Amino acid sequence: MPDRKVLTLWNEGTVNEEQTRILRKVSEDLPIPFDGQARKDLATLIEAFLQRDDALGLAAPQIGYNRRIVAFRNKNFDERDWSKRDKDFDVLINPRITQTRGEMETGEEGCLSCPEIKVEVARFPEIKVRAYDRAGRKISKRYEGFLARIVQHEIDHLEGKLIVDHEGTFYCPSNRLEFFEKLLRKGQ
Ligand SMILES: [Zn+2]
């Protein structure tokens, strides 16, 4: 099966208006207990995530659904070829960050929806999240370090927020500098 298309804010120096509209929208909760459509959307997101060897995480709006579902690796972050067993990734439905700990730390992030760039983003080093799991059970989980960063990045997607909305320094190929400076640093 071909990879499911991941929406992007731009491509080759051109803004994607329609895809941006979906990526920028605040996503809706799934009904609990899940109905048929919710189960279908959940299966689609997991399948799309597992198809991408280059994804650390994927949020439903990235494949065109404004639904509050995220999937992300919980280990093997540096491997392109990871095992993809059920226990190697987490799926959170309707996630809410209920607690943060520590001073925010800056780190470089990329995103499949923001091709060609990396942005320095400040995140909390430890968070507690309340959500539902794949089976629709209520869960509460604590994430630390790089994993906490991934979870905050994915939850941002559900709010229509992307790495380009963070204030930090960005890195892009030099031949696109003009495009990105105009796009990301408006008003400066
Ligand atoms: Zn992303």
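I count two strands as paired if DSSP finds at least two bridges between them. Strands (E, at least two residues) and helices (H or I, at least four) are DSSP runs that I number from the N terminus.

**Ground rules.** I am looking at a predicted model, where local features need pLDDT of at least 70, side-chain atom pairs count only at pLDDT 80 or more, and totals for chains, interfaces and linings use all residues. Residues are numbered from 1 along each chain as its sequence is written.

I started with Lys118 and found Tyr171 in β10 as its bridge partner. Strand β7 (residues 118–123) pairs with β10 in the antiparallel sense, over 2 bridges. I then traced an open sheet of 3 strands, antiparallel, in the order β6-β7-β10. Its edge strands, β6 (105–109) and β10 (170–171), each pair on one side only.

**Around β5.** I followed strand β5 (residues 89–101) next, and 5 bridges join it to the antiparallel strand β4 (residues 69–73). Phe89 in β5 stands opposite Arg73.

**Whole protein.** From the N terminus on, they run β-β-α-α-β-β-β-β-β-β-β-α-β-α. I also checked burial: 32% of the 188 residues count as buried, meaning 20 or more other C-beta atoms, placed from the backbone, lie within 10 Å of a residue's own.

**Size.** The C-alpha atoms fill a box of roughly 45 × 40 × 30 Å along the principal axes.

Definitions and conventions: Buried ≥ 20, exposed ≤ 12 C-beta atoms within 10 Å, placed from the backbone.
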